[in-house]
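User: Please take a close look at one part of this model, the aromatic rings and the sheet beside them. I would like one connected account.

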Amino acid sequence: MNMMSTSSIPLDVAVAEDHLMRFLSVEGVTGYEANIAAAVIDALKAAGVPASAIRFDDANTRIPLPTETGNLIVNLPGTRGGPRLLFSTHLDTVPLCAGAKPRREGDRIVSDGTTALGGDARTGVALLVVLAETLIKHKLPHPPITLLFTVREESGLHGARELNAADLSGPSMCVNVDGQLASDLIIGAVGQENWEVEIKGRASHAGVAPEKGISATLVGAIALAEVHNAGWFGKVVKPDGRGTSNVGIFGGKDGKPAGDATNVITDYVFIAGEARSPESAFATKIAKGYGEAFARAKGQVKDHEGRTGEVAFNHQTAYPPFKLSESSPVVKRAVKALEMMGIKANCLFSNGGLDANWLDKHGIPTVTIGAGQAEIHTIKEYVNLAEYEKGCRLGLLMATLEE
């Protein structure tokens, strides 16, 4: 690759930080991204991006949860030839970020301690705006670039999942911004299978006629004990695969407790959980291990007439796994850019899902870079401004490197 030197890549750090502070102060929890999208559009127009280059897709019409807007897509025409590049991040934050009041504290941006901050992934939102602004202002040579700001990442990667890849104008690779350290390149991630089960038993007075009841609670407990004994719970290591699983919800209808009183045999239980693995087939196998355990447990709990309850188990893919080779062009591009910054790349495989999982599934090899977000999804969240600056420089280098 031919390349510009790091010293020839201009970055106005103060302006970059101003963008970040602005975006951190705009509320936009998952599913309610209209306001932050509007703030991004205003900033892009002020940077010189024409309105005709900015649009929303219709992914929100396919997302099974109410979502204010589609994904925001911006096309920057190339000032030189080369394959189109995609830069992506997500607009939404977790609900704990609602009402965040960012303030600078030394080399960090923090919240007031009552909410999370939203650096996940407003650092990415700011970085993509800084990228466009810097390329335009300084007339830096770059190939055609598409910017993608997804919705509902925090509630199921829905924006990336429901994306129509044809709307992205054929990028050859993607740089996704959603991490902490600029040196950490996420080149793969596990896939996840979600499962849930409804157990219908039979109510009866627990003191007067317990034998007439069918305890849905007991069916669930027996099944989960079997899952644990069979090695399907927690860290899962089998001869044919490895992964993790968890039981996240054990309750009743509409978020209420599973039972109403101690003297009534519980007639309904809802349980939900997840299974993760680097191999999609093995994540499915873990989920099926749960399903089989619930089916067997059903037959072990009967009333005085030998009747059993009902068990309805289902599972579905939340997101697929992926892994890039370290020799893939997008990884090599990121490693080279980091080398130019004097930073050694650290290629990682994530145990959590990213928009990159779905972007890769859509046929766009995607590496995820960091830009300073830390202690995410907690009231201790902060942005490391030195890492944010590194992330911005890394993005600019990756946009301007020549093949």
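Strand 9 and strand 13 pair in the antiparallel sense, with nine bridges between them; two strands pair if DSSP finds at least two bridges between them. Helices (H or I, at least four residues) and strands (E, at least two) are DSSP runs, numbered from the N terminus. The model is a predicted one, in which local features need pLDDT of at least 70 and side-chain atom pairs count only at pLDDT 80 or more, while totals for chains, interfaces and linings use all residues. Residues are numbered from 1 along each chain as its sequence is written, and side-chain values use heavy atoms, with hydrogens and water left out.

One of the contacts between the two strands joins Glu198 to Ala312 in strand 13, its bridge partner. Both strands belong to an open sheet of five strands, in the order 10-11-12-9-13, with antiparallel pairing. Strand 10 (234–238) and strand 13 are the edge strands, each pairing on one side only. From one strand to the next, the twist averages 20°, where axes are lines fitted to C-alpha atoms, for helices over the stretch in contact, and angles run from 0 to 180 degrees between N-to-C directions.

Now the rings. Rings of Phe, Tyr and Trp (its six-membered ring) pair if their centres lie within 6.5 Å; planes under 30 degrees apart count as stacked, over 60 as edge-to-face and the rest as tilted. By this rule there are five aromatic pairs. In one of them, Trp195 and Phe294 have ring centres 5.9 Å apart and planes at 50°, so the pair is tilted. Trp195 lies in strand 9 (residues 191–200) and Phe294 in helix 6 (residues 280–298), so this pair ties together parts that are 99 residues apart in sequence. Trp195 counts as buried because its relative accessibility is 2%, and Phe294 counts as buried at 0%; buried means under 20% relative accessible area, exposed over 50%, and partly exposed in between (1.4 Å probe, protein chains only).

Trp195 also pairs with Phe313: the ring centres are 5.9 Å apart and the planes are at 25°, so the pair is stacked. This pair links distant parts of the chain, with Trp195 in strand 9 and Phe313 in strand 13 (residues 310–319), 118 residues apart. Phe313 counts as partly exposed, at 24% relative accessibility. Trp195, Tyr290, Phe294 and Phe313 form one aromatic cluster.
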